[in-house]
Amino acid sequence: MKMTFRWYGEKDTIPLTYIKQIPNMSGVVTAVYDVPVGEVWPSEKIARLKQLCDEAGLEMEVIESVPVHEDIKLGKPNRDQLIANYRETIKNLGKFGVKCICYNFMPVFDWLRTELKSKNEDGSTSLSYCHEELMKLDPKNLHLPGWDESYSLDELNSLLEEYKNISHEQLFDNLVYFLNGIMPACDEAGINMAIHPDDPPWDMFGLPRIITSKESYDKMIERVPNKHNGFTFCTGSLGAGRFNDLPYMAKKYADRIYFAHIRQLKYSGELDFKEAGHLTSSGDLDIYSIVKALVEGGFNGYVRPDHGRNIWGEDNKPGYGLYDRALGAMYLSGLFEAIEKEKR
Ligand code: DNO
């Protein structure tokens, strides 16, 4: 296991030197943020990031995310060119020692929450999700920090229209087409693709969502058996679906889980939840059992503490402050150490 920390590049308010001071931190998870989705990431931009990481003594083996253009998800005629560009980006990243790429295949929107600074009893703030509230929102006017991209109103309108013709099956076929197109580049560069589950794991605003459960995982492996096709196991995203047995999934798919996003949730309604500190006793997910299942399954990937609260007066990007994620990293490192030692 390698412990990592998400870093939003040179614009991040958290300096690499602080990240390096967190014990057991092997590297950062980052991305090039100023190349339009669909275009090739030039080597110079990757080299710049790599140089900054090298100088800080941190590895850059995981990229989150290389976003997938909507035309690939929609299966439009120009997808072959876009997939060829994605292949070039994979090869360029491979040259700089990248081993794992996290991406998602959610139509139009990435993760969704209804409150970014929901107050907790102890004065900290967390992200939260209320389904009823979400349904009242206008999908054409949504913005969330940490999203890798956003669309103009016109683009959103036409995208939402286009997706009306796309079924779950069609979207899955388009994912398979994309993966088959990029697997040769992954073989060549030695890079594992790690799909992020849909967050939350159900359809949104009538848009199909397809990476939600163990059935989706089975289908992914069956349709694209290449070992470079794997998962980002995000406990918060999958865990929002009460139907998911996370320790079961962690163990069963451990050898294809190349990246684990570990965070805690506290359920507040049938579909509603609030994010919490990472500790098992802070919420409803059994983080201990999940880590244990990963270790028992032979997990050998990257881990990052996912969304933290804003604590100690910090007012940082919701989910991505320094302090609570650093606490999360320490807790998770402790769990891994104890469980790995017990296993020997
Ligand atoms: C949210 C993140 C997601 C994730 C993408 C991966 O905090 O986990 O935005 O980066 O879905 O492509």
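Me: What makes you say that helix α2 lies across β2 and β3?

Reply: This is a predicted model, and in it helix α2 (residues 43–56) lies across β2 (25–30) and β3 (59–64). Its direction runs at about 130 degrees to β3. Helix α7 (residues 168–189) also packs on the sheet, where it touches β4 (100–103), β7 (192–195) and β8 (229–234). The angle between α7 and β7 is about 155 degrees.

Me: Why are β9 and β12 called paired strands?

Reply: Two strands pair if there are at least two bridges between them. Four bridges join β9 (residues 257–262) to β12 (residues 302–305), so β9 and β12 meet that cut-off. They run parallel. One of the links is Ala260, whose bridge partner in β12 is Val303.

Me: And what makes the eight strands a barrel?

Reply: They close, in the order β1-β2-β3-β4-β7-β8-β9-β12, with parallel pairing. From one strand to the next, the twist averages 30 degrees.

Me: How do you know that β6 and β11 pair as well?

Reply: Two bridges join β6 (residues 125–129) to β11 (residues 273–276), and the cut-off is at least two, so the pair counts. These strands run antiparallel. Ser128 has Lys274 in β11 as its bridge partner.

Me: Why do β5 and β10 count as edges of the sheet?

Reply: The sheet is open, with four strands in the order β5-β6-β11-β10 and antiparallel pairing. β5 (115–119) and β10 (264–267) each have a single partner strand, so one side of each has no neighbour in the sheet. The twist here averages 40 degrees from one strand to the next.

Me: Why is Tyr323 called partly exposed?

Reply: Tyr323 has 32% relative accessibility. Buried means under 20% and exposed means over 50%, so a value in between is partly exposed. Tyr323 sits in helix α12 (residues 323–343).

Me: Which residues of α11 are called buried, and what do they pack against?

Reply: In α11 (residues 287–296), Ile287, Ile290, Val291, Ala293, Leu294 and Val295 are buried, so each of them is under 20% relative accessible area. The buried residues of α11 pack against β8, α9 (235–239), α10 (246–252), β9, β10 and α12. Just after α11, Gly298 takes a positive phi of about 90 degrees.

Notes: Residues numbered from 1 in each chain as written. Predicted model: local features only at pLDDT ≥ 70, side-chain atom pairs only at ≥ 80, totals over all residues. Heavy atoms only, no water. Axes fitted to C-alpha atoms, helices over the stretch in contact; angles between N-to-C directions. Contact = heavy atoms within 4.5 Å. Buried < 20%, exposed > 50% of the residue type's maximum accessible area, 1.4 Å probe, protein only.
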